[in-house]
Amino acid sequence: MDRKAGIFLADGFEEIEGLTVVDILRRAQISISMISINGKKSVEGAHGIVVAADQDIAECELDELDMLVLPGGMPGTLNLAGCRKLTEALQKADQEKKGIAAICAAPSILGELGLLKGRKAVCYPGFEKKLEGAEVLEGFFRDCFALLKTAGSVKDMTVMVTMH
């Protein structure tokens, strides 16, 4: 069975965190779809780079994804957190023990949804208080988490996703 991942892009996403993940997963022959939450396929990153997503969340079958990936960036993280279809998909993916990965500020979304309780997590400095219920680790990726993966840097994130 082919693994399928989706990376969710919102206006204001951190380009290196989104596009590096896509590049590395595609090189590892893991199917990944860039999914816009904007209501259109065009997404503008935090540094003005416009990306053409593969699909919009409205047309996406989220149940078919084995892994959901959230890049950070501002205001991208806030925009992702405000997308009800995405937050519901994250909660369902967690219940079904599917892979979830979040980079930089995006683990704050998982904390606010209560998905980090009893789990280890790292994030961009200053967002630790939003990792509700998590054991917050200092520094970069320390270990492979069995159920839920979060990372503090894009390099660590891509290592974890390709190991999954």
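A salt bridge is counted here when a side-chain nitrogen of Lys or Arg lies within 4 Å of a carboxyl oxygen of Asp or Glu. The model is predicted, so local features need pLDDT of at least 70 and side-chain atom pairs count only at pLDDT 80 or more, while totals for chains, interfaces and linings use all residues. Residues are numbered from 1 along each chain as its sequence is written, and side-chain values use heavy atoms, with hydrogens and water left out.

Across the whole structure, a search finds nine salt bridges. One of them links Lys-92 to Asp-63, with the closest N and O atoms 3.1 Å apart. Because Lys-92 lies in helix α3 (residues 84-95) and Asp-63 in the loop between β5 (55-56) and β6, this pair ties together parts that are 29 residues apart in sequence. Helices (H or I, at least four residues) and strands (E, at least two) are DSSP runs, numbered from the N terminus. Lys-92 also meets Glu-96 in a salt bridge, at 4.0 Å from N to O, and Glu-96 in turn meets Lys-98 at 3.5 Å. Through shared partners, Asp-63, Lys-92, Glu-96 and Lys-98 are joined into one network.

How accessible are these residues? Buried means under 20% relative accessible area, exposed over 50%, and partly exposed in between (1.4 Å probe, protein chains only). On this scale Lys-92 is partly exposed at 34%, as are Asp-63 at 48% and Glu-96 at 40%. Lys-98, at 17%, counts as buried.

Two strands pair if DSSP finds at least two bridges between them. Strand β1 (residues 4-9) pairs with β6 in the parallel sense over three bridges, and Ile-7 has Val-69 as its bridge partner. Strand β7 (residues 99-103) is also parallel to β6, with four bridges; here Met-67 is partnered by Gly-99.

Finally, the structure holds one aromatic pair. The ring centres of Tyr-124 and Phe-127 are 6.3 Å apart and the planes stand at 65°, so the arrangement is edge-to-face. Rings of Phe, Tyr and Trp (its six-membered ring) pair if their centres lie within 6.5 Å; planes under 30 degrees apart count as stacked, over 60 as edge-to-face and the rest as tilted. Tyr-124 is partly exposed at 45% relative accessible area, whereas Phe-127 is buried at 17%.
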